[in-house]
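Here is a friendly briefing on one protein chain. Have a look at the sequence and the model, then read on.

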Amino acid sequence: MTDGFSVPGPAAGDPLSASVARLADLADKLGISHDEVFDVDPLSEASGVPADVVRALLDGHPAGETDLQARFLQRFDLLRRTRLKPNGRRYTQQEIADGAGMSRQQAGALINGDRRPTMEHCDAIQRFFKVHAGFLTADDSDALVGALHATEQSLLQDIVGESDPLERLLQDHGVRGIAWRAAQLPTDKHRDKVTEWLDLLLESVRPTDP
């Protein structure tokens, strides 16, 4: 238990547990509280997963909506509550219908759960609200992994910001891609193996003394 947040150990074949553990380790190295990194409300807004489900998944409990239509309705409702017009108001059914290229009756039926969405409906609504493909349909666990990955990328960017000398060093020597890929590995054991391989490679290409 750290900062009021319990970090489950990474389980084999479980991308969510591995992502949580990796992000928790990165937060510890940066001195950022787990409560800040794993703030439920922003993660819910970014992933589309209801806040209570985000909390349960982060705590390592099985959770999430298995029915595709019910999941669609949850995500669509969240979009309408969080992706607002410049004036702070919600988009109307007619505005959603016009922007998504469907009739007002179709939009209303989808919002009310009276009609099952097609992939075309989902794609059109996602484009209208400017969210990534799969936002309305992805499994809750997978959607949360995507949001955690975006947080991880942001923290790593903070470490090597554009004005940071380390960033310039990485760019000049073309190793940023290697560093980024190594950071995705789930354990220090894996990262140590990458270091061993790089040492062997350096030995093989290092000029020999005359």
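Rings of Phe, Tyr and Trp (its six-membered ring) count as a pair if their centres lie within 6.5 Å; planes under 30 degrees apart are called stacked, over 60 edge-to-face, and the rest tilted. By that rule the structure holds 5 aromatic pairs. This is a predicted model, in which local features need pLDDT of at least 70 and side-chain atom pairs count only at pLDDT 80 or more, while totals for chains, interfaces and linings use all residues. Residues are numbered from 1 along each chain as its sequence is written, and side-chain values use heavy atoms, with hydrogens and water left out.

**Overall build**

- The chain has 12 helices and 0 strands, where helices (H or I, at least four residues) and strands (E, at least two) are DSSP runs, numbered from the N terminus.
- Of the 210 residues in the chain, 35% are buried; buried means under 20% relative accessible area, exposed over 50%, and partly exposed in between (1.4 Å probe, protein chains only).
- Contact means heavy atoms within 4.5 Å, and among the contacts in the chain with a separation of 6 or more, 61% are between residues 24 or more positions apart.

**Nonpolar cores**

- In soluble globular proteins, nonpolar side chains tend to be buried together.
- A nonpolar core is a set of buried Ala, Val, Leu, Ile, Met, Phe, Trp, Tyr and Cys residues joined through side-chain atoms within 4.5 Å.
- The largest nonpolar core has 22 residues, and those touching the most other members are Leu 16, Phe 38, Leu 43, Val 54, Leu 58, Leu 144 and Leu 148.
- Two or more residues of this core come from each of helix H1 (15-30), helix H3 (40-47), helix H4 (51-58) and helix H9 (140-159), and H9 gives the most, with 7 residues.
- Leaving aside residues up to four places away in sequence, Leu 16 touches Leu 57, Ser 141, Leu 144, Val 145 and Leu 148.
- Another core lies apart from it, with 19 residues that include Ala 97, Cys 122, Phe 128 and Phe 129.

**Salt bridges**

- A salt bridge is a side-chain nitrogen of Lys or Arg within 4 Å of a carboxyl oxygen of Asp or Glu, and the count here comes to 6.
- Which residue forms a salt bridge with Arg 22? The partner is Glu 152, with the closest N and O atoms 2.8 Å apart.
- Arg 22 lies in helix H1 and Glu 152 in helix H9, so this pair ties together parts that are 130 residues apart in sequence.
- Arg 22 is buried at 17% relative accessible area, and Glu 152 is buried at 2%.
- Lys 29 forms a salt bridge with Asp 25, their closest N and O atoms being 3.2 Å apart; both lie in helix H1, 4 residues apart, about one turn of the helix.
- Lys 29 counts as exposed, at 59% relative accessibility, whereas Asp 25 is partly exposed at 32%.

**Aromatic pairs**

- Tyr 91 and Phe 128 form an edge-to-face pair, 5.0 Å centre to centre with 75 degrees between the planes.
- Tyr 91 lies in the loop between H5 and H6 and Phe 128 in helix H8 (residues 119-129), so the pair ties together parts that are 37 residues apart in sequence.
- Phe 128 and Phe 129 also form an edge-to-face pair, at 4.9 Å centre to centre and 85 degrees between the planes.
- Ring pairs link Phe 72, Phe 76, Tyr 91, Phe 128 and Phe 129 into a cluster.
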